[in-house]
Each structure stands twice: as C-alpha cells, then as structure tokens.
Amino acid sequence: MVNQEDRIIIRTENVNFYYGEFQALTDVSMAFETNRVTALIGPSGCGKSTLLRLLNRMNDLIDGCRVEGRILFEGRNIYEPDVDPVEVRRRIGMVFQKPNPFPKSIFNNITYGPRLAGVSGKADLEALVERSLRQAVLWDEVKDILGQSAMMLSGGQQQRLCIARALAMKPDILLMDEPTSALDPISTAKIEELIEELKKTYTIIIVTHNMQQAARVSDFTGFFYLGKMIEFNVTEKIFTKPDMKQTEDYITGRFG
Amino acid sequence: MNRKQKEAVIRAVFFSFALVSILILGLIVVSLFREGLPLFRQVSVKDFLFGMEWYPTYDPPSFGIWPLIVGSVIVTVLATLIAIPIGILTAVYIAEVAPPLLKDVFKSVIELLAGLPSVVLGFFGMVVVAPWLQDTFDLPTGLNIVNASLILALMAVPTIASISEDAIYAVPREYKEASYALGATTHETILRVVIPSALSGISTAVILGMSRAIGETMVVLMVAGGAAAIPESLFDSVRPMPASIAAEMGEAPFRSLHYQALFATGMVLFFITLAFNLVADYISNKFKEVGSGTL
C-alpha cells in the first residue's frame, strides 16, 4: 500500500456492498491517512459515493442493503453489532452534493448537532458557532445575520454553512460527496481553498466528478470503475503516470 | 377550421366546464343569502347571534343561536384536540416509521375510515359509545358532547392523517440525511427536522379536519343529544348548528321566520368554514417560500 501504516485513521477490508441483488461494491480494500485529502473518482454509478456513505453508516438508512467485509475506524470495525451508528456519525461528518441547510436560522443550523450531543449553555454554543463559521470562512459574511433563515443564503454560502455545521461536531473525518457539483466556479474555488485549510485539522475524503478538482485538492486519489477500486495512489502519480490502462483512459477523457 | 380556431374552441369548452362548478357554488351562496337575510328585518343580528334562547316554534318565538354556536364550537374543538395527536402520530408512523407492508395496511385502513358514511359512524355512536358512556359515568344520557366529539374526531382523523402524511412525505430527503449525518437518532430527526419542516402542511390538515368536523351534520344529529342550551359539563347534550338545521328544516313552514332563521344559521356555518379554509390557505402559502435548500 502507498500509505504509512501508523497514519491510517480508517480503512476498508474486502468490502462488498449490495443493494438488494445488485452488487454495488466488489472487494474494496483501501486505507485513508489522517490529515490528508483523499479523492474518490470514477464515472457515475461506479460505487464511489456508496463507499463514502459506508464510512459513516449512512447506507443504514436504505432498506434492503447489505455489507460484507470490515471497515475499521481507529482499529474498530464500525459494522460490529454493538457499534452505535449515531456515535460513528458524530465522529465522521458528512457534506452532501446539494447544499441542505435546515429551514432554521443560521445559528440553529450550526447548533443542531452539538445540542443533540449534549452541548448546552449560551456561551458555549455561541463560541462554537463562531469557531465553526470561521473555520468554514463564512463568519464575516453572516456574523450579523445569525438569527436569519439559512435559506436566504446563496448556494455557495449554504454549502459552507453545511461544512460549518459538520465541523461543529468536531469530527475526526469529514466526508464530502461532490460538494461543489451544484455550485458556480467562484463558490467552488472558495470551497477548494477551504478544503486545503481544513486538512490541517481534519481527515477529508471527497467524492468528485471533476478531475481537475481531484488533482488540485487531494493528496491521494482512488479510481473506481464498476464497483471495483481499480487504482489507489498518490494523486500526482495517478494523474501523471497511472499504472492501469483504465485509469489512464478515464483521466485522459477517453471514457466516463 | 384551422388549428388556431380549434384551439380557441377547445379553450372555450374547458372554460365553460370549469365555470359550471363556480357558477353552482355562486348560486348556492346566493340562495342561502336570499332565504336567510330577510330574517334580519325582524330579528337583529345581535339578538340572533348572541341570543341565549332558541325557541323557534314558541309564541312569540325566539331565535337566539348562541347555544347552537357554543355547541358546534365545543364539539369541534374537543374533537380536534382528540384528533390532532392521533392524526399526526398516525401520519408520522405511516410516512417515517412503518415497514413497507404495514404502511400499506395503515394507509388503506385510514382511507376506508375516510370513506365510511357518517350515518354509520353516528350509528356506532348511538348503539356502542352512548350506552357505554351512560353506564361508565352513570349519566342520564350517553348522547352528549363527549360522544359527539369522539365520533367527530374519528371522522377528522383520516383528513388530518392523510394530508399530514403528504406534508411529511414531501419533506426533502436531504434534510433527513443532514440530520442523521450529524448524529441524530430517528426520533430526534422526526421531532426536530421532519415535523417542523412539514408544519405548514400539518396545520392545513388540522384546519381542514376542523372544518370537516364543524360542518358534519349526521353525526351530531344522532349523538350530540339535541339540547339547545349552553352546556355546563362535557356530559351535557348540545345542539350544534348543522344538527339544528337538519332536524328542523322539515317542519319549518316555507319562508316563515323559522325557515329564514335556519338559513341564517347556514350562513353562519358558511362563514366559519370559509374562514377556516382561508386560514388553511394562508398558512400553506406563507410557509411555501421557505421551501427547500435549492440554489
């Protein structure tokens, strides 16, 4: 493997995943380093988003799906029966493709998760809101309108709010499922800068359709095709001298 | 005929058919007012609405419908209070919690309940609920506010449940995912995200349920007891407005004062349901703008 063993925060071991009869992932084994950005790329339907959602057990919400293999988060299989998916999701946050703030105030969007996790007290919550919004580089734009509905923000601001909301849980890992695919180029650039900044504190795993984005923001890249992980390596290697022909074909735009 | 003319003809045909329902509604309202308004030449609006005595066949008669209004309002409010938790929790269960098989069963049962003729429910109230109330609480009669409210609640539940379910179902999946991804449990997600997001639809459902209950005639005619007096306890009989109209219309001589008073009672009912519908409309529009988190 390309990674250094002691820096691994989460790894998958021989993971198979089925939606009913359909096998969406076949024998995926990969390891993600802490404080690095790992990009998952591949054509639509290749299983990259499915893998992402397996990492914080979001796929539990779908009826009739089945996981085989192990996903070890800090050495513990998160699919053991005695693991509480709620605990997993508190430590592994997620940002979705479409900005999805709650129809609540900006303040209440940020405090939603922490409140459920037991954070209370006005001062603590206010400090948390400011810290999270600063981390997501949104503080200066919204500091005077924290009481207003998050629905009033632009798409790019909404997505940064969603990132701030995920960061408010102080997660160890941040999963991002095509976080910029619904945004304009300027908002996209802001989010990419943000990712660069966030990897100092967090481990980021990002699914993207935009190969330039993967090349720009990630340290490692995994290429998926038809539910299989074809190649996983340092981003520079993947984009300059991939080992597999399929990877090269995809990256050079011959299919996908 | 060229294509343009055909289009025009077709448009005119559709327009006239759409007009029919509006026209008929208009005519009904006009006849309601034409028969009801003359009453106010003899009886003042204040005496009519707030008069405490409804003795339409006495000599001299008195046409105070305040006891009827109180009767209508009290059974409606009580029925709504009973129906809201049942209806909303049923909707939440069907939309969010139930496994697919049970979901279908519950939905069909609710639809069946909605389709039950009110006379059947009234019958149930008379022969099952009334004797039970009478025996359990040792009452002179089981035909009273509690009985009417229970049966009306049974009628309002399907309305509230099915409209609320639509509203809950329409809550974007993205909100729920966001909530789960932040470490919320199913019940936290339902309480803090799903229900608040569906609140406008749920409020509309409740108001439409109420307007169904207040206009319902057969049930209150059969089980409310029919006493035109201000009730002193929940086990007293009342005479809601629709029951009064239905019971007395047959005996009221054509265009007599009594006849006009019943039409005027109909007008009051009409304004109450109109107000309910306007409120429901206002609520569902007001919250529409806050919609989903699109760009």
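Visitor: What is the strand order in the open sheet of chain A?
Guide: This is a predicted model, where local features need pLDDT of at least 70, side-chain atom pairs count only at pLDDT 80 or more, and totals for chains, interfaces and linings use all residues. Residues are numbered from 1 along each chain as written, chains are lettered from A and ligands numbered from 1 in written order, and side-chain values use heavy atoms, without hydrogens and water. The order is E6-E7-E8-E3-E9-E10 in chain A, six strands with mixed pairing. Strands are DSSP runs (E, at least two residues; helices are H or I, at least four), numbered from the N terminus, and two pair if DSSP finds at least two bridges between them.
Visitor: Why is one side of E6 and of E10 left without a neighbour?
Guide: In chain A, E6 (92–95) and E10 (228–234) stand at the edges with a single partner strand each, so one side of each has no neighbour in the sheet.
Visitor: And in which sense do E7 and E8 of chain A pair?
Guide: Parallel, over five bridges, with E7 at residues 173–177 and E8 at 203–207 of chain A. A:Leu175 has A:Ile205 in E8(A) as its bridge partner.
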